[in-house]
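Try each task before reading its solution.

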Amino acid sequence: MNGRGSVAIAAALLLAVAAGGCEDSSRADQQPAGTRTSATGAAPSTSPTLDPAHAVEPPGRRTGFVGYPDIVVTSADTIDPDTVAAIKHIRHVLDVDQISLADVIVQNQSLRVAAVDPATYRNYTLVGVADSKDVWDRVAAGEIALPKRLTRKLAVDDNGFFPLGSTEDAPRIHIGAYAAQAPLVDAVVNEAWVPDLDMKEGNALLIRTGGAAPSTLRKAIKAAVDGSRSSVQMTDAVARYNLDPAVVQTAVVTGTVADAVGVYRYSVLGGGRIAPDPGWVASHITTEVVPILGAVTCNKLIFPQLKAALQDIQSQGLADEIHPNEYAGCYNARFIAGSTKLSNHAFGLALDLNVPGNQRGTVGQMDRGVVAAFEKWGFTWGGRWGYTDPMHFEMNSVRRPG
C-alpha cells in the first residue's frame with residue numbers, strides 16, 4: 001500500500017491552528033537530548049539514531065539573526081520561486097524562509113510538522129534552541145525535534161520511536177531532541193522526509209518584517225500569493241490566541257486522505273466551533289442510513305466500510321452491544337475540546353459509540369467483538385491508544401466490500 005493508495009486518518013493537513021512551539025520554551029524542552037526522557041519514561045538514545053534514508057548534511061555553525069517570524073504563510077500548493085522573490089521585495093520584508101508544513105493526525109490530535117533546512121529554519125526559533133548544535137545535528141540525521149509536552153499522547157516506545165500518523169503504514173520516527181519551535185510549528189524534521197510524509201513541498205513561508213507593523217504587510221503578501229488557497233497569519237495573534245482570528249484557515253490534506261478531504265477551508269466561530277466552506281460540506285458530507293445506528297452524517301468515503309463493519313456486527317449477534325441512544329456523532333465541525341486542533345470528526349472520518357461507559361483515559365466497556373469488526377474494516381480503535389479513547393473509531397485505510 002503506497003502513500004497515496006490508502007485512506008489514512010494520519011492525514012497531513014495544512015491547518016492554521018495549534019501553535020505548539022510558540023508557547024513552550026521551558027528548560028525541559030531544551031536540555032541535551034541524551035538526558036531527556038520520553039512520555040513513557042524511556043530516554044531517547046544518547047547518540048543520534050542513524051537513518052541514512054532521511055539524513056542530510058549537518059548545518060554546521062549557526063549564523064545570522066535569530067527571532068520568531070512575524071508572519072506565516074501557508075498554501076494549498078508549492079509556493080513558486082517567483083512568488084517567493086516577489087514577497088522578499090515587498091517593502092519592510094526583512095527575510096523569508098521557505099518550508100514544507102503539514103498536520104499529521106496522531107491518535108486524533110493534529111501534530112503540525114515542518115520539513116525544514118536545519119541551517120536556515122533554526123534562526124526562526126528561540127535563541128537557546130537556535131544555538132543548540134545537538135538539536136539541529138539530530139534533525140539533519142533524520143530524527144524529529146518537538147516540545148516534550150507533546151509526547152504525552154503519542155505512542156512513544158521504550159527506544160524513543162513513535163508512528164508519525166494513525167495509518168497502518170505510518171512511518172516510525174525517532175525523537176532526537178525536545179525543543180520549542182517557531183509559532184504554528186509543533187515538530188520539525190529535515191527535508192528528506194517530504195516524500196515519505198507525502199507533504200506539499202515548499203508550501204509555507206516564515207517571514208520577518210523590519211520597522212513596519214506586520215499587519216500592514218498582509219494585503220501586499222496576499223496579493224502575491226493565491227488568496228483563495230493560502231492563509232497569511234500574524235504570529236502576534238497566534239502567540240496570544242493560538243490562531244489568527246482574522247484569517248480564513250486553510251487545511252490542505254496531502255497523501256492518503258486527499259480524496260476524503262482535499263482542501264479544507266474554514267472560519268473560526270465561538271465556543272470551539274468552526275464553519276467549513278459550504279462548498280466543501282456539500283461535496284464531502286452526506287447523511288445515510290446504516291445498520292444499527294440508523295441515519296448518520298459522515299464523510300461520503302467512510303460509508304461503504306462503516307456499513308460493512310456494522311453488518312458484520314449484526315450478523316454475529318452483537319448488535320445489542322452498540323447503543324444508538326449513546327452515539328455521539330461522526331461529522332462534527334469543531335476543534336478538539338480545549339484546543340484549536342482539528343480531529344478526524346471535523347472531516348467526518350471518525351465516530352463515537354457508547355459514550356457514557358467509554359470515557360477517555362479508561363479501559364471502557366466496548367465489546368471486543370465490536371472492536372474486531374471495526375478493525376477488520378479499516379478502523380483504528382481509540383481504546384488501544386496510550387491515552388485511551390474507547391468510544392472512538394476512525395478510518396486508517398480503505399476497505400471495500402467485495
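Two residues are in contact when heavy atoms of theirs lie within 4.5 Å. Keep in mind that this model is predicted.

**Exercise 1. Find what Asp 312 touches, leaving out residues up to four places away in sequence.**

Solution. Start by placing the residue: Asp 312 sits in helix α9. Next, list its contacts beyond four places in sequence, which are Ala 373, Lys 376 and Trp 377. Then look at the side chains: that of Asp 312 makes a polar contact with that of Lys 376, at 2.9 Å.

**Exercise 2. Decide whether Asp 312 is buried or exposed.**

Solution. The cut-off for buried is under 20% relative accessible area. Asp 312 has a relative accessibility of 17%, so it counts as buried.

**Exercise 3. Check the length of α9 against its number of residues.**

Solution. Helix α9 has 13 residues, and at 1.5 Å a residue it should span 18 Å. The expected span takes 1.5 Å times one less than the number of residues. In the model the end C-alpha atoms of α9 are 18 Å apart, which agrees.

**Exercise 4. Work out which elements cover the buried residues of α9.**

Solution. First collect the buried residues; among them are Phe 303, Leu 306, Leu 310 and Ile 313. Then see what lies over them: the cover includes strands β14, β15, β16, β17 and β18, together with helix α10.

**Exercise 5. Locate the disulfide and say which parts of the chain it ties together.**

Solution. A search of the whole structure gives one disulfide. It joins Cys 298 to Cys 330, with an S to S distance of 2.4 Å. Cys 298 belongs to strand β15 and Cys 330 to the loop between α9 and β16, so the pair links parts 32 residues apart in sequence. The torsion about the S-S bond is about 135°, so this disulfide is right-handed. Both Cys 298 and Cys 330 are buried.

**Exercise 6. Explain why helix α4 counts as largely enclosed.**

Solution. Count first: six of the eight residues of α4 (residues 133-140) are buried, so the rest of the structure largely encloses this helix. The buried ones are Val 135, Trp 136, Asp 137, Arg 138, Val 139 and Ala 140. Now find their partners: these residues pack against helices α2 and α3 and strands β5, β7 and β8. Following α4 is Gly 142, whose phi is positive, near 110°.

Note on methods: Residues are numbered from 1 along each chain as its sequence is written. This is a predicted model: local features need pLDDT of at least 70, side-chain atom pairs count only at pLDDT 80 or more; totals for chains, interfaces and linings use all residues. Side-chain values use heavy atoms; hydrogens and water are left out. A disulfide is a pair of cysteine sulfur atoms within 2.5 Å. Helices (H or I, at least four residues) and strands (E, at least two) are DSSP runs, numbered from the N terminus. Buried means under 20% relative accessible area, exposed over 50%, partly exposed in between (1.4 Å probe, protein chains only). A polar contact is a pair of N or O atoms within 3.5 Å; within protein, one must be able to donate a hydrogen and the other to accept it, and residues adjacent in sequence count only if both atoms are side-chain atoms.
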